[in-house]
Amino acid sequence: MQRCNRMARHVWLDRYSVATIEDARDLASQWLWTCSSDQPNMGIGAIASVWKPRMAALYGIDTLRAAENFPVSGLRIGALARLIRAMALTRKAVALANLRLGQLPEAWARVSAAACAEIIAGQHAAHFIVDVLQGGGMAGGPCGGRIAV
């Protein structure tokens, strides 16, 4: 996932302009499919995954793998509304701070803040699908928020 995050920041964010959160979601979804299918994770022997999240999902293949491979407690993190809200508040603050420091393009900060505002308002809890006790080095942790938010 880190490889995809780095590539997303330095390849498609520099190449494309996003005006709305919907544009960013579409672009992120397309990128995740490419990154996970056409450029498979070396950790799985460079085999393209046959697992494909639904296109409507706001998470990527690594999050789906983590949810399927590590159902430790049976309780999904999306059930913890206060935790999800706190993560979104933190992510929004980080985006705005990086914008002020000149480390994040305005369009990306705007889209990130809008996505966080939706999460803070209680939307999208169903897309935080990993187990609350899954701690696999962030393999799917709040990754649902990493690229989309």
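Leu80 lies in the loop between helix H3 and helix H4, the latter covering residues 81-100. Helices here are DSSP runs of H or I with at least four residues, strands are runs of E with at least two, and both are numbered from the N terminus. The model is predicted, so local features need pLDDT of at least 70 and side-chain atom pairs count only at pLDDT 80 or more, while totals for chains, interfaces and linings use all residues. Residues are numbered from 1 along each chain as its sequence is written, and side-chain values use heavy atoms, with hydrogens and water left out.

The protein has five helices and zero strands, which gives the pattern α-α-α-α-α along the sequence. Of its 149 residues, 42% are buried. Buried means under 20% relative accessible area, exposed means over 50%, and partly exposed is in between, with a 1.4 Å probe and protein chains only. The protein exposes about 8,200 Å², and carbon and sulfur atoms supply 58% of that area. Accessible areas come from the Shrake-Rupley method with a 1.4 Å probe; for residues, only the protein chains shown count as cover.

Leu80 itself counts as partly exposed because its relative accessibility is 32%. Leaving aside residues up to four places away in sequence, Leu80 touches Leu75 and Val132, where contact means heavy atoms within 4.5 Å. Among the contacts in the protein with a separation of 6 or more, 68% are between residues 24 or more positions apart.

The interior comes next. A nonpolar core is a set of buried Ala, Val, Leu, Ile, Met, Phe, Trp, Tyr and Cys residues joined through side-chain atoms within 4.5 Å. The largest such core has ten residues, including Val18, Leu27, Ala95 and Trp108. Helix H2 (21-38) and H5 each supply at least two residues of this core, and H5 gives the most, with four. A second, separate core has eight residues, among them Ile77, Cys116, Ile119 and Val130.

Helix H3, residues 61-69, is mostly covered, with seven of its nine residues buried. Two of the buried residues in H3 are Asp62 and Arg65. Their side chains meet in a salt bridge, 2.8 Å from N to O. A salt bridge is a side-chain nitrogen of Lys or Arg within 4 Å of a carboxyl oxygen of Asp or Glu. By this rule the count is two. Arg65 and Asp62 are three residues apart, about one turn of the helix. An α-helix has 3.6 residues a turn, so residues three or four places apart point the same way. Arg65 is buried because its relative accessible area is 10%, and Asp62 is buried at 12%.

Glu106 also forms a salt bridge, with Arg110, the closest N and O atoms being 4.0 Å apart. Both residues lie in helix H5, four residues apart. Glu106 is exposed, with a relative accessible area of 54%, and Arg110 is partly exposed at 42%.

The segment after H5 (106-120) contains Ala126. Ala126 is exposed because its relative accessible area is 64%. His124 is also found in the segment after H5, and its phi is near 75 degrees, a positive value in a residue other than glycine.
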